[in-house]
Amino acid sequence: MSLHPTLQPYADAWTHSIDAISELVTPLAEGEWNRRTPCPGWSVRDVVSHVIGLDNEMLGDPRPIHTLPRDLYHVTNEHQRYMEMQVDVRRHHTAPEMTSELEYTIIRRNRQLRNESRDPGTKVRGHVSTEVTLEESMRNHAFNVWVHEQDLRAALGRPGNLDSPGAHIARDVLLAALPKIVAEDSGAPRSSAVVFDVHGPIEFLRTIRVDIQGRGSLETAPALGPAATLILDWETYVRLACGRVALDTVTDRVKADGDPELAASILRNFTVTK
C-alpha cells in the first residue's frame with residue numbers, strides 16, 4: 001500500500017461510508033430514489049448524485065457543462081450553485097443508471113487510492129477553484145460522504161454507523177469549528193470557558209477557552225465554573241452542526257446550564273455546514 005499513513009484513516013472512513021451508501025441504495029425501487037432527505041432541497045437521488053460528483057472531482061474528472069434551472073429555491077449562492085451542478089445533471093437518471101455509475105465510481109476511486117503515493121501536503125483542486133492540501137481534501141471528503149450516508153439513512157429509515165470510522169472523522173472536523181463558533185460568532189466573554197458534554201455512540205467532553213484577546217481554543221481538560229455548558233447526544237449534535245434540523249425541533253434533546261443568553265447564541269450559530 002503506497003498511501004501515506006496520515007491519509008489512511010480518511011481512506012478507510014471513505015471506504016466504509018461509500019460501501020454503506022452502495023448497500024443502502026442498490027436495492028431501492030425507482031420511486032424510493034425520490035424520497036426527501038434532511039439535506040435541504042435534495043432527494044435520495046440528489047444526495048447520491050452529489051456523492052458521485054464529489055468522487056469524480058477527487059478523480060480529476062472535468063465538471064459537467066450544464067445550465068441550472070432558475071427555480072431551485074435551495075440554491076442561493078455561488079457555492080450552492082457549484083454543488084448543484086453535479087446533482088441537477090443527474091436528476092432524470094433512472095435507478096439502474098444511478099447504481100451503475102456509483103459502482104463504477106467506487107471501482108475507479110479504489111484504484112486511485114491503491115496507487116496514491118503523494119505527500120499529504122501536496123496541493124490539489126478544491127471546491128470553487130480553491131486549492132487545498134491532499135490531506136485536507138481527503139479529510140473533508142471522508143466527512144462529507146459520512147454526513148450524506150446519514151442523510152440517506154434518515155430518508156430510508158435505516159439508522160446506523162453513528163460510531164463508524166467516518167463518524168470519528170466528523171467529530172474531529174466539527175470540533176475544529178467550535179473555537180470560532182464560541183469566541184467569534186457567539187461573542188463568548190473574554191477569559192471564559194464553554195463546555196460541550198456529548199453522549200451516545202460517540203462520547204466526548206470538550207472545553208472551549210476564550211483568552212484575554214478573545215481567541216478561542218479547544219481543550220480536553222474540563223473547566224471549573226464554565227460560563228455555559230451544553231449537554232446533548234451525538235446524533236443531535238451532528239444534525240444541528242450540519243444544518244439538518246431546526247433548533248426549535250430538538251430543544252428537548254439539548255440541555256444548557258450557565259448563561260442562558262450565551263448558550264442560546266452558541267446554538268444559533270452552531271451550523272458548520274449545510
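**Cysteines and charged pairs**

Modeller: The structure holds zero disulfides, a disulfide being a pair of cysteine sulfur atoms within 2.5 Å. This is a predicted model, in which local features need pLDDT of at least 70, side-chain atom pairs count only at pLDDT 80 or more, and totals for chains, interfaces and linings use all residues. Residues are numbered from 1 along each chain as its sequence is written, and side-chain values use heavy atoms, with hydrogens and water left out.

Take Cys-39. Its sulfur lies 9.5 Å from the closest cysteine sulfur, that of Cys-242, so the gap is too far for a bond. Cys-39 is buried, at 4% relative accessible area. Cys-242 is buried too, at 0%. Buried means under 20% relative accessible area, exposed over 50%, and partly exposed in between (1.4 Å probe, protein chains only).

Now the charges. Side chains of opposite charge can pair when their charged atoms come close. The whole structure has 17 salt bridges. Each puts a side-chain nitrogen of Lys or Arg within 4 Å of a carboxyl oxygen of Asp or Glu.

One of them joins Asp-151 to Arg-244, at 2.7 Å from N to O. This pair links distant parts of the chain, 93 residues apart. Asp-151 sits in helix 5 (residues 134-156), Arg-244 in the loop between helix 7 (234-241) and strand 7 (254-258). Helices (H or I, at least four residues) and strands (E, at least two) are DSSP runs, numbered from the N terminus. Both partners, Asp-151 and Arg-244, are buried.

Glu-116 and Arg-118 also pair, their closest N and O atoms 2.8 Å apart. Glu-116 is buried at 7%, while Arg-118 is partly exposed at 35%.
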